[in-house]
Amino acid sequence: MAQVVLEEVIPILQSFVATLGSGPAPSEEDRLSDIGLDSLTTINVIVSAAEKLGLDLERMEEVTEAPATIGDVISILNRLGRGGDN
């Protein structure tokens with residue numbers, strides 16, 4: 001199964017945070033709160049990314065921890081799996 005990578009998530013994040021493209025390149029270590037994402041917007045990012053990348057949103061109920069970094073979001077997306085491959 002192909003893993004979700006930072007390069008796939010950046011355009012989705014940029015659609016929610018306009019200032020994301022104006023500074024240094026985002027990294028997986030960047031804190032969501034530092035780039036201007038609140039908890040509701042973070043959920044919207046995850047749902048949007050899952051839909052765009054063909055992930056299994058039904059598995060979202062298995063996610064119990066709140067993401068704090070971009071890397072955490074990517075980890076959650078990878079656990080949702082592509083096309084039910086997980």
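**Entry 1**

I take axes as lines fitted to C-alpha atoms, for helices over the stretch in contact, with angles running from 0 to 180 degrees between N-to-C directions. Angles under 35 degrees count as roughly parallel, over 145 as roughly antiparallel, 65 to 115 as roughly perpendicular and the rest as oblique. Helices (H or I, at least four residues) and strands (E, at least two) are DSSP runs, numbered from the N terminus.

I noted that α1 and α3 cross in a right-handed sense; a crossing is right-handed if the near helix is turned clockwise from the far one by less than a right angle, and left-handed if anticlockwise. L6, V9 and L13 of α1 make the contact with I70, I74 and L77 of α3, where contact means heavy atoms within 4.5 Å.

I record that this is a predicted model, in which local features need pLDDT of at least 70 and side-chain atom pairs count only at pLDDT 80 or more, while totals for chains, interfaces and linings use all residues. Residues are numbered from 1 along each chain as its sequence is written, and side-chain values use heavy atoms, with hydrogens and water left out.

**Entry 2: the other helix pairs**

I then examined α1 and α2, which pack at an angle of about 135 degrees with axes 10 Å apart; the pair is therefore oblique. α1 passes α2 in a right-handed crossing. On the α1 side, E8, I12, L13 and F16 make the contact, and on the α2 side T41, N44, V45, S48, A49, K52 and L53.

For α2 and α3, I found axes that come within 10 Å and cross at roughly 40 degrees, so this pair is oblique as well. The crossing of α2 past α3 is right-handed. T42, I46, A49 and A50 of α2 meet V73, I76, L77 and L80 of α3.

I checked how far α3 (residues 70-80) is covered, and eight of its eleven residues are buried. Buried means under 20% relative accessible area, exposed over 50%, and partly exposed in between (1.4 Å probe, protein chains only). The buried residues of α3 are I70, G71, V73, I74, I76, L77, N78 and L80, and they pack against α1 (6-16) and α2 (39-53). Just after α3, I noted G81, with a positive phi of about 70 degrees.

In α1, I list L6, V9, I10, I12 and L13 as buried; these residues pack against α2 and α3.

**Entry 3: the core**

Which residues touch the most other members of the largest nonpolar core? I found L13, L37, L55, I70 and L77, in a core of 24 residues. Each of α1, α2 and α3 supplies at least two residues of this core, and α3 gives the most, with six. A nonpolar core is a set of buried Ala, Val, Leu, Ile, Met, Phe, Trp, Tyr and Cys residues joined through side-chain atoms within 4.5 Å. In soluble globular proteins, nonpolar side chains tend to be buried together.

I looked up T42, which is placed in helix α2 and is buried, with a relative accessible area of 7%. Apart from neighbours within four places in sequence, T42 is in contact with L32, L37, P67 and V73.

I43 also lies in helix α2, but at 45% relative accessibility I43 counts as partly exposed. I noted 12 Å between the C-alpha atoms of I43 and D72, which are 29 residues apart along the chain.

**Entry 4: salt bridges**

How many salt bridges does the structure hold? I found two, a salt bridge being a side-chain nitrogen of Lys or Arg within 4 Å of a carboxyl oxygen of Asp or Glu. One joins E62 and R59, with the closest N and O atoms 3.4 Å apart; E62 is partly exposed, at 49% relative accessibility.

In the pair of R79 and E65, the closest N and O atoms are 2.3 Å apart. R79 lies in helix α3 and E65 in the loop between α2 and α3, so this pair ties together parts that are 14 residues apart in sequence. R79 is partly exposed at 34% relative accessibility, and E65 is partly exposed at 38%.
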